[in-house]
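Please consult the sequence and the structure shown below. The briefing that follows is arranged by topic.

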Amino acid sequence: MIRIISILTGLFFTAALLWSLTLDTIQLSKDGLPHTVEKAYVNHHLKDLKLKSDGIFGKFDKAQLKRGFEVYQGVCASCHSMGQVSYRSLAALGYSETEVKAIAAKATVSAKDPLTGEIKDRPGQPSDKFPKVIYAGVGNPPDLSLITKARHGGAAYVYSLLTGYEAQQPAALLKEFPDAKTGENMHYNPYFANLNIAMAPPLASDDLVTYTDGTKATKDQMAQDVAAFLVWTAEPELEQRHQTGLWWVLFMLFATVLGYMSYRNIWAEKKGH
Amino acid sequence: MSFPWSKQYTPSHPVMTWLDEKLPLPRLVYNAVGGGYEVPRNLNYFWNFGFLAGFCLVIQIVTGVILAMHYGGDTSVAFNSTEHIMRDVNWGWMLRYGHANGAAAFFAVIYLHIFRGFYYGSYKAPREMIWLLGVVIFLLMMATAFMGYVLPWGQMSYWAAQVITGLFSSIPLVGDPLREWLLGGFAPGNATLNRFFSLHFLLPFVILGVVILHIWSLHIPGSSNPTGVEVKSESDTVPFHPYYTAKDGWTVGLFMVIYSLFVFYMPNALGHPDNYIPANPMQTPAHIVPEWYFWPFYAILRSFTQNFLIFDAKLLGVLAMFAAILVWFFLPWLDKSPVRSATYRPLYRKFFWLLVVDVLILGYLGKAPAEQPYVLISQLATMYYFLHFLVIVPIVSSIERPDPLPFSITESVLGSDGAAKLTTTKS
């Protein structure tokens, strides 16, 4: 009985699926395979970006992170928040305590006055997080703290996006998808998910910042540095993770080998081959 | 199972004698995972995944309880408290990455454990209860994993809650009120997050309880084995300790190496980037995709695209998705072949491997966007999935001619069994 019910149930699902399959095939023969602008024109082959933090032994290049932070402060921070990062953690970039205090003090933080209980503006302190940037223009600049973890491709995506703006849309694109035409106040960027991005090219020219370490601030250099910096803001634990992991995995390998040897030893007589 | 030759617990210290009289806990452990539990000697490495699954459950409970000490189950703080764990809590990143990848590892291990059961007929009499409890555990795991995924309150968390609770609204008449009751509102919100947190904390302990029942019912008939031939004599078994503690022990090490490589070196490889974007009810992600361990079921859900007879397409998808797992409950009665192991079932074995390929294809399609040609392929793959369990398995089990079985476990290991020779000479 149960087998008869089972076979009937199986045939019911099969019939329902065949019905869907038939109607969908008819539809497909009319429409053809979907041809979307995302598939045809969004560039998923990101530019190659090599960072010192890559790989099992990867460590941050502190000089690069500092430069990246200078780019963030000088360029990105006018529109983008970085709300998960606190000033005190900048010490990891090699800033001294006094330097961190000085950086924090440049920011204005709105906080409760401990004496009066009023919400007041005061200079930032190392314990504060980066304050929220209120952006008044068109578009919705995302918080950058986690951006390299929140996009496919991570740092390479950030780097590609920043350096990937193109002045002209391909003629074929406009012919095929007239809707994809870059609108007013929008900018064409083949690395962006729908090709047209509200953000104007942020690194449009060289020397937008003056690096304290004297490195020449080319567009490409700034893009690389800020991408490296954003890896740090997203994964400040990266170095500790890599180092701990190395010892931990080596220890586990050693324990596994010992475990395997004792297993062989215990079973030596039992297998009976 | 206690065989006549099973060893008995003998306390070696007066304190243990005292304890054994009052509360025979050491005896219980001895009989469950110690020298008192006799196990077939021929288990292959596919039998290690039960122990590993238990180990994963422990990892999840330990990391999860500590994470809960630092997490805030409120929509205004959930995302930031997760980042607080990642940045400010000592070793918080290790706990969270360990927990998220631990869930993936748990599912990987469980899938191998389940497919071991399909191949070796572990669900067959007298082990039906073990199987039924196992399916219950799997269902609880799915619920727990889903609710855990909602907790960080990222974009994928929010939209997963939206999609999965939305499934219930396809139920006729009661659907919409049921969905609102589950969510505690008209859309996922604070009430939803709070109850998911509560249940996500509760369910692992329910799983632990069912795991104990699962092991208890296992110890009635004893473990199955790759030949599917029942234990006949003392030479067929070895005590669990030290033989299987040693074998399970070293694979725990191997498991830890692979798991740790994920936790320390590719902690986000299995996750979706969108979940690092805070939940935003006003912005639907381009592709809503569950974690990899739900992909095959997601593909089944989406393969029903057209209304059929009186059934709404969405309802059919939901029914099929749940049926895809519920059908496992009936497996012990659908497969009536008296031979357990597929090693001796040439026809069933072919269909088993077809099922493996089919589920892998469904997994790939569950990740793919809901567009052609993926939908057509998933319709065919879903069709095979149901035909396999509901039609092919019952029919194959009645028409198949199995290969000859070995006389005993001992014979299958050593090539000959003294007990077998004795019987043949006598007759």
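**Strand pairing in chain A**

A:Val109 stands opposite A:Arg122 in strand β2(A). This is a predicted model, in which local features need pLDDT of at least 70, side-chain atom pairs count only at pLDDT 80 or more, and totals for chains, interfaces and linings use all residues. Residues are numbered from 1 along each chain as its sequence is written, while chains are lettered from A and ligands numbered from 1 in the order in which they are written.

- Strand β1 (residues 108–112) of chain A runs antiparallel to β2(A), and five bridges join them; strands pair if DSSP finds at least two bridges between them.
- Helices (H or I, at least four residues) and strands (E, at least two) are DSSP runs, numbered from the N terminus.
- β1(A) and β2(A) form a hairpin with six residues between them, and A:Gly117 in the turn has a positive phi of about 80°.
- The count of buried residues among the five residues of β2 (residues 119–123) of chain A is zero, so that the strand is hardly covered; a residue is buried if 20 or more other C-beta atoms, placed from the backbone, lie within 10 Å of its own, exposed if 12 or fewer, and partly exposed in between.

**Chain A overall**

- Chain A has eight helices and four strands, in the order α-α-α-α-β-β-α-α-β-β-α-α along the sequence.
- The radius of gyration of chain A is 28 Å, well over the 19 Å that the globule rule gives for 273 residues, so chain A is more spread out than a compact globule. The radius is taken over C-alpha atoms, and the rule is 2.2 Å times the number of residues to the power 0.38.
- Of the 273 residues in chain A, 27% are buried.
- A:Asn185, in the loop between α6 (171–176) and β3 (187–188) of chain A, has a positive phi near 65° although it is not glycine. A:Asn185 counts as exposed because it has 11 C-beta neighbours inside 10 Å.
- A:Asp207, in the loop between β4 (196–197) and α7 (219–234) of chain A, is likewise a residue other than glycine with a positive phi, near 60°.

**Chain B overall**

- Chain B contains 16 helices and two strands.
- With a radius of gyration of 24 Å, close to the 22 Å of the globule rule for 427 residues, chain B is as compact as a globular protein of that length.
- Buried residues account for 45% of the 427 residues of chain B.
- The peptide bond from B:Ala125 to B:Pro126 is cis, with omega near 5°; B:Pro126 lies in the loop between α5 (92–120) and α6 (128–150) of chain B.
- A cis peptide bond also joins B:His241 and B:Pro242, with omega about 10°, and B:Pro242 lies in helix α10 of chain B.

**Contact between the chains**

- The contact takes 51 residues from chain B and 47 residues from chain A; two residues are in contact if their C-beta atoms, placed from the backbone, lie within 7 Å.
- On the side of chain B that touches chain A, α10(B) gives the most, with 14 residues.
- That side of chain B has 35 nonpolar, ten polar and six charged residues. Ala, Val, Leu, Ile, Met, Phe, Trp, Tyr, Cys and Pro count as nonpolar, Asp, Glu, Lys and Arg as charged, and the others, Gly among them, as polar.
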